[in-house]
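Visitor: I would like a quick walk through this model. Let us start with the terms and then take the features in turn.

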Amino acid sequence: MNKIISKERFSEKVFKLEIEAPLIAKSRRAGHFVIVRVGEKGERMPLTIAGSNIQKGTITLVVQEVGLSSTRLCELNEGDYITDVVGPLGQATHIENYGTVVCAGGGVGVAPMLPIVQALKAAGNRVITVLAGRSKDLIILEKEIRESSDEVIVMTDDGSYGRKGLVTEGVEEVIKREKVNRCFAIGPAIMMKFVCLLTKKYEIPTDVSLNTIMVDGTGMCGACRITVGGKTRFVCVDGPEFDGHQVDFDEMLKRMGAFKSIEREQMSKLQPECEATKEIDDKTRNAPWRLELRKAMKAKERTTIPRVEMNELDPEYRSHSKKEEVNQGLTAEQAVTEAKRCLDCANPGCMEGCPVGIDIPRFVKYIERGEFLEAAKTLKETSALPAVCGRVCPQEKQCESKCIHLKMNEEAVAIGHLERFAADYERESGQISVPVIAEKNNIKIAVIGSGPAGLAFAGDMAKYGYNVTVFEALHEIGGVLKYGIPEFRLPNNIVDVEIDNLSKMGVEFIKDCIVGKTISVDDLKEEGFKGVFVASGAGLPNFMNIPGENSINIMSSNEYLTRVNLMDAASEDSDTPVTLGKRVAVIGGGNTAMDSVRTARRLGAERAMIVYRRSEEEMPARLEEVKHAKEEGIEFLTLHNPIEYLADELGRVKQVILQKMELGEPDESGRRSPIAIPGATETIDIDLAIVSVGVSPNPIVPSSIKGLEVGRRGTITVDENMQSSIPMIYAGGDIVRGGATVILAMGDGRKAAASMHEQLQN
């Protein structure tokens, strides 16, 4: 009994809980409430029943985190048990056919209003419902309310949804245009007070549902007493519904604040792992808590703190461990220390360097404050994949390259390490937050490809309220995150958690579906999709077209990594074969080349080499990847370039001839051009070569769309808003760039989502 069957987040602090309570479900009526207690030392808390399912034996409660008790309840998850659920209590709502009824619901008051609206409609009334909240994300149960109302008016304080204004303005609009026979009002006490003042002026009978302080809920304690019509009444036995014109709201408001100071002290009982449920602070730089942090330590003191070093697996051990992650992450103590290095600049350059626009100072300062879950939520406001980005993004070339510490000849704040820490902390805590989702607008959007660009786009469009479907050609979701990046750098379970979070946001994933082959964009249009985002990547590998390159055991890095990462070919129980070379040459100097050569080393290569035609200084791979490779025994043959492969009698590669190079003038990319040294070659023995010299866009999707403009290299041509030559089609990531980083692809996805949303709204 009292098991939580399901839990749904309505907004930042509002949750819907479906609870196993068959006896209560059977006897409950509209207007009834229950007393709930969480923990043996918990407070008894009244909550109105928002609905029930007799067949399932469940009741529905909608809870807003306000004080300690409601916060503890909201911390429980599906499958947990609530200590006590007692009811149904109170008097049921008196329902009859009044005629035209206005139901005014504010915030979570909409939840107890729902069964009343349903009962009034079933009794034959004309029901006009006014829903109100401070902002759009606080308007709840709108769909359900609409199903039982003849008309729904939505009012928000900030005008972010419906009409801007207070609930009383919506109610008065109805009163002025037609005869209203009765009004019901449920919400914050102050809201009900002003609704009653309004309806009293128009002489419209008004019922209110009161939620006062209670201890037992059966009339024993008298804590819930109020004054109605000059007489003392008890909400738990005489109510909770009363004639609003007779309620002394001023007295009630004072009584409800009796324990506020004690409640504030009690909130400190919440452990650090419960920080996601704390009251949301001001998000600006001048928020009191950030001002306090800046005053706590002088800037000069912060600059003297040395940058933390992330713990790593021992190089010799890890070079033989196929999947264990090399970087071990920061401890909480390390993370707080590193966060203290941040000066919380007035004009943070780090944000300029972030392609997805993360509020870097705010998330870092949350870590300094010890509020790790708030840091994670800040990341997820703009990044769909924070745990991924914290591992694989080149922060040293982006956000960290703009850090003010560098101007003082100090090391940049380790933003990437802190991003990873916050995301990992949230995942390991089990309190994974889901971003606030706008009300569904029932507009269907298709995403082609589930790599970083597609996932970022899908996440933002889901937040906007669209029905997003992602079509993936492979049997796993994640694109290059799954097939291209080894688990020793990015574990699959990390990616899976990020994807699962998108699923919780409403994103649908369809695997084994090749758009352009299995289905077409025209098929998507016929199915009602109003927008398409192409994020199919650049999965077509480049080769060098030199003699012997098609010999056996010469493969692209895409093939090699896909076999090992996606198909788990190196495992004994895998049906997918892979060559386990002893003398392996990887051609190229990017991150993919590093991933390939370090994988080969883990699969038993006695000699694993990087062959790169420029010097190490020109190498595009991350410095961290180069460092790790060297520590693991990888050889670097820089200023060498393959010119021919030699094969044995069976056609298997046995040697590679390398041309020695020197550096000339810089090319158009700014790197010095490699020039062959005449007559200087070297032949080395190999039994496996992995070519990692770049990729081109896969032509399947672009070639299948008539009228789509493509560039010279097969990339989709887009404008500054990521919109293609066909207005409903947007594109981003490698299919546009031809090859880029995870974070740049995600930036494209976010920009495309904002642009498509604006187009569809207009």
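Guide: One cut-off comes first: a residue is buried under 20% relative accessible area, exposed over 50%, and partly exposed in between. Keep in mind that this is a predicted model.

Visitor: Where does Asn-721 fall, buried, exposed or partly exposed?

Guide: The place of Asn-721 is the loop between helix H26 (700–704) and strand E30 (729–731). Its relative accessibility is 35%. Because the range between 20% and 50% has its own class, Asn-721 counts as partly exposed.

Visitor: Which residues does Asn-721 touch, leaving out those up to four places away in sequence?

Guide: Asn-721 and Ala-753 are 32 residues apart in sequence. In space their C-alpha atoms are 9.2 Å apart. With residues up to four places away not counted, Asn-721 touches Tyr-730, Lys-751, Ala-752 and Ser-755.

Visitor: Now the rings. What kind of aromatic pair do Phe-372 and Phe-421 form?

Guide: The structure holds seven aromatic pairs. In the pair of Phe-372 and Phe-421, the centres are 5.0 Å apart and the planes stand at 85°. Planes over 60 degrees apart count as edge-to-face. So the pair of Phe-372 and Phe-421 is edge-to-face.

Visitor: How many residues apart are Phe-372 and Phe-421?

Guide: Phe-372 belongs to helix H16 (residues 372–380). Phe-421 belongs to helix H18 (residues 415–429). The pair links distant parts of the chain, and the separation is 49 residues.

Visitor: Is Phe-372 buried or exposed?

Guide: The relative accessible area of Phe-372 is 7%. Buried means under 20%. Therefore Phe-372 is buried.

Visitor: Which residue forms one aromatic cluster with Phe-372 and Phe-421?

Guide: Phe-372 and Phe-421 make an edge-to-face pair. The cluster takes in one further name, Tyr-425.

Visitor: What sits over the ring of Phe-529?

Guide: Take another ring for context: Lys-7 lies over the face of Phe-15, at 4.7 Å from the ring centre. For Phe-529, the distance to the centre is 4.5 Å. What sits there is the charged end of Lys-444.

Visitor: Which residues of H10 make the contact with H15?

Guide: H10 passes H15 in a left-handed crossing. On the H15 side, the contact uses Pro-361, Arg-362, Lys-365, Tyr-366, Glu-368 and Arg-369. On the H10 side, it uses Trp-289, Arg-290 and Leu-293.

Visitor: How many residues of H15 are buried?

Guide: The buried residues of H15 include Ile-360, Phe-363, Val-364 and Ile-367. They pack against several helices, among them H10, H16 and H18. H15 is mostly covered, and the count is nine of its ten residues.

Visitor: Which residue follows H15?

Guide: The residue after H15 has a positive phi, near 90°. That residue is Gly-370.

Visitor: Why is H16 described as largely enclosed?

Guide: The buried residues of H16 pack against H13, H15, helix H17 (386–392), H18, helix H19 (452–464) and helix H21 (492–504). Among the buried residues are Phe-372, Glu-374 and Lys-377. H16 is largely enclosed by the rest of the structure because its buried residues number nine of nine.

Visitor: Next, the backbone. What is omega for the peptide bond from Gly-239 to Pro-240?

Guide: The peptide bond from Gly-87 to Pro-88 is cis, with omega near 0°. Pro-88 lies in strand E6 (residues 84–89). Pro-240 lies in the loop between helix H7 (235–238) and strand E15 (241–243). The bond from Gly-239 to Pro-240 is cis, with omega near 15°.

Visitor: What is the relative accessible area of Asp-344?

Guide: Asp-344 is found in the loop between H13 and H14. Its phi is positive, about 50°, although it is not a glycine. Asp-344 is buried, and its relative accessible area is 0%.

Visitor: What is the phi of Asn-553?

Guide: Asn-553 has its place in the loop between strand E20 (540–541) and strand E21 (554–556). Asn-553 is not a glycine, yet its phi is positive, at about 70°.

How values were computed
Residues are numbered from 1 along each chain as its sequence is written. This is a predicted model: local features need pLDDT of at least 70, side-chain atom pairs count only at pLDDT 80 or more; totals for chains, interfaces and linings use all residues. Side-chain values use heavy atoms; hydrogens and water are left out. Rings of Phe, Tyr and Trp (its six-membered ring) pair if their centres lie within 6.5 Å; planes under 30 degrees apart count as stacked, over 60 as edge-to-face and the rest as tilted. Helices (H or I, at least four residues) and strands (E, at least two) are DSSP runs, numbered from the N terminus. Buried means under 20% relative accessible area, exposed over 50%, partly exposed in between (1.4 Å probe, protein chains only). A charge sits over a ring if NZ of Lys or CZ of Arg is within 6 Å of the ring centre and within 35 degrees of the ring normal. A crossing is left-handed if the near helix is turned anticlockwise from the far one by less than a right angle, and right-handed if clockwise. Contact means heavy atoms within 4.5 Å.
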